[in-house]
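Hi,

Here is the structure I said I would pass along. Have a look at it first, and then read on for what I found.

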Amino acid sequence: MGLFKRKIVDERVQNLQNKIYREIYYIVSIICLISLITKMVIYGRGVEYVATELIILIACGGYYSYRAMYTGVLSEEVEIHDANSKFRYSTKTILIGIFTGVVIALAMGLNSGINYADSNAQAIEYFFMVFLVSLLFYAPFLALFLFIGYQSALKKSKQVNDKMLKDDEDTW
């Protein structure tokens, strides 16, 4: 019988542990990002120099998203965020996609202007030409990609929550 083997858990201690784990995640992510930027500056643009950092950052983000989606936590987080924030979570997702697209377009424009131009006038021309074309491509694509991913993850999280609530109702 499982009556005598129950583990007593103090919610206050568990919440503090979760807070510490969250802080560790942020610290590891910041260290990986600093390492990634440092290696890109020192060794150049090759992905082979920063593959470990990219794998860590992408795997951690992907794992959190997967677990939040399949435990139903994502939909709860979104509800809490939307109730406490001036901007909805979906709006922030779109803005992050657009901002990322602008940063990529700026980087590509600067790269073209610096590396491929023969004069200052040509550098400005290359910068604006590449920046505008990249902006028209990357900003909408990333905003749409992130929004669709967010909506599908939110839908799956709500389905998991509904299933858990239905199972709880069936047991009573």
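You'll find Tyr49 in the loop between H1 and helix H2 (51–71). Tyr49 also belongs to a nonpolar patch on the surface, together with Leu33, Ile37, Val41, Ile42 and Tyr43. Taken together, the residues of that patch have about 650 Å² of accessible area.

Before you go further, keep in mind that this is a predicted model. The average pLDDT of the protein chain is 87, and 94% of the residues score at least 70. Going by helix, confidence in the protein chain is lowest in H1 (residues 11–43), with a mean of 87. Helix H4 (residues 89–115) is where confidence is highest, at 91.

Next, the cysteines. How many disulfides does the count come to? The answer is zero. Take Cys32: the nearest cysteine sulfur is that of Cys60, and it sits 7.2 Å away.

What about their surroundings? Cys32 counts as buried because its relative accessibility is 8%, which is under the 20% cut-off. Cys60, at 29% relative accessibility, counts as partly exposed.

Cheers

Conventions
Residues numbered from 1 in each chain as written. Predicted model: local features only at pLDDT ≥ 70, side-chain atom pairs only at ≥ 80, totals over all residues. Heavy atoms only, no water. pLDDT = per-residue confidence, 0-100. Helix = DSSP H or I, 4+ residues; strand = E, 2+ residues; numbered from the N terminus. Disulfide = S-S within 2.5 Å. Buried < 20%, exposed > 50% of the residue type's maximum accessible area, 1.4 Å probe, protein only. Patch = residues over 30% accessible without salt bridge, like charges linked within 9 Å, V, L, I, M, F, W, Y side chains within 5 Å. Areas by Shrake-Rupley, 256 points an atom, 1.4 Å probe, with all protein chains shown as cover. Salt bridge = Lys/Arg side-chain N within 4 Å of Asp/Glu carboxyl O.
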